[in-house]
Amino acid sequence: MKTKVYDHKGKEARSIDLPDNLFGLTWNADLVHQVAVGMQSNARANTAHTKDRSEVSGGGKKPWRQKGTGQARHGSRRSPIWSGGGTTFGPRTERNYDKKINQKMRKKALLVALSQKLRDGQILFVDAFDATSGKTKDMRTTLDAFATVPGFETLNTKKHNNAFLTSPEVNHGLKNSAQNLYHVTLTSIENLNVLDVLNHRYLVMANPEKTVEFLATKVTTK
């Protein structure tokens, strides 16, 4: 399939033929959901930890005698029903949230998400980002130019996770120019994953030839 490629001024520069095995895959909600949930589970820090009744301090002595006080019987102040007692079924650090994701599934889910993103008209291919000076205003000017492309009028809208920018090479100046724009995320194409595609509204991909070349390495055979 052919798609347009734009320059840093938002003008149509040329067109590129995208392989169907990369950007023409049918939507597979089950696969994308399974991989996305697995990646989110694997990213959990698992730092919340509560103490059970065997770990809290105190409770060596029976609070009061078994009978004759008129109160309910208790054997330890460590009981979960006591203030300061142990926690029942609380979060524990030894719980393992890891989920196994096959490499083929991870790669296929990324390509499926990209294919759907392209069908929705939310992927913009550009020659390069003309913002290597490291200044935020240069990146903002570039994004304003991209916003003149039909269908991408809200590309530079200041909404969280509005635009995700990828490039085969991300130098220090380009990285600095985008780091102060909270609605923009910039990374190398090698770090692109299915969560990035799903969590951002627009995807702007620089140097489409090298991008396609890299994505071709993710094609799996049955």
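**Entry 1: the strands around β3**

I began with strand β1 (residues 2–6), which pairs with β3 in the parallel sense over two bridges. For me, two strands pair if DSSP finds at least two bridges between them. Helices (H or I, at least four residues) and strands (E, at least two) are DSSP runs, numbered from the N terminus.

Before going on, I noted that this is a predicted model, in which local features need pLDDT of at least 70 and side-chain atom pairs count only at pLDDT 80 or more, while totals for chains, interfaces and linings use all residues. Residues are numbered from 1 along each chain as its sequence is written, and side-chain values use heavy atoms, with hydrogens and water left out.

Which residue stands opposite V126 of β3? I found Y6 there. V126 also stands opposite A206 in β6. Strand β6 (residues 202–206) runs parallel to β3, and four bridges join them.

Next I looked at the faces of β3. In a regular strand the side chains alternate between the two faces of the sheet. On one side I found I123 and F125, on the other L124 and V126, and all are buried. Buried means under 20% relative accessible area, exposed over 50%, and partly exposed in between (1.4 Å probe, protein chains only).

**Entry 2: the cores**

In soluble globular proteins, nonpolar side chains tend to be buried together. I looked for nonpolar cores, that is, sets of buried Ala, Val, Leu, Ile, Met, Phe, Trp, Tyr and Cys residues joined through side-chain atoms within 4.5 Å. How many residues does the largest one have? I read 32, and those with the most contacts inside it are F23, V35, L114, I123, F125, L192 and M205. The elements that give two or more residues to this core are α1, α2, α3, β3, α6, β6 and α7 (208–216). The largest share, eight residues, comes from α3.

I then picked I123 and listed its contacts (heavy atoms within 4.5 Å). Leaving aside neighbours within four places in sequence, I123 touches F23, L114, K117, L118, F152, L203 and M205. Apart from this core lies another, of 22 residues, with L143, A147, L165 and L174 among them.

**Entry 3: aromatic rings**

A pair of aromatic rings is described by the distance of the centres and the angle of the planes. Rings of Phe, Tyr and Trp (its six-membered ring) pair if their centres lie within 6.5 Å; planes under 30 degrees apart count as stacked, over 60 as edge-to-face and the rest as tilted. I got four aromatic pairs by this rule.

One of them is F23 with F125, edge-to-face, at 5.8 Å centre to centre and 80° between the planes. Why does this pair tie together parts that are 102 residues apart in sequence? It does so because F23 lies in helix α1 (residues 20–23) and F125 in strand β3 (residues 123–126). Both F23 and F125 are buried.

The rings of W64 and W82 have their centres 5.8 Å apart and their planes at 40°, so I called that pair tilted. W64 and W82 both sit in the loop between α2 and α3, 18 residues apart. W64 counts as partly exposed because its relative accessibility is 23%, whereas W82 is buried at 19%.

Helix α2 (residues 29–42) has 14 residues and reaches 20 Å from its first C-alpha to its last. That is close to the 20 Å expected at 1.5 Å a residue, where the expected span is 1.5 Å times one less than the number of residues. I found L31, V32, V35, A36, G38, M39 and S41 buried in α2. What covers them includes α3 (103–119) and α6 (194–199).

L198 of helix α6 is partly exposed, with a relative accessible area of 40%. Leaving aside neighbours within four places in sequence, L198 is in contact with V32, A36 and A113.

In helix α4 (residues 136–146), T136, M139, T142, L143, A145 and F146 are buried. They pack against β3, β4 (163–167), α5 (172–178), β5 (184–188) and β6.

**Entry 4: positive phi**

Most residues other than glycine have a negative phi. What is phi at N46? I read a positive value near 55°. F89, also not a glycine, has a positive phi of about 60°. F89 lies in the loop between α2 and α3 and is exposed, at 84% relative accessibility. N46 is found in the loop between α2 and α3, and I noted it as partly exposed at 22%.
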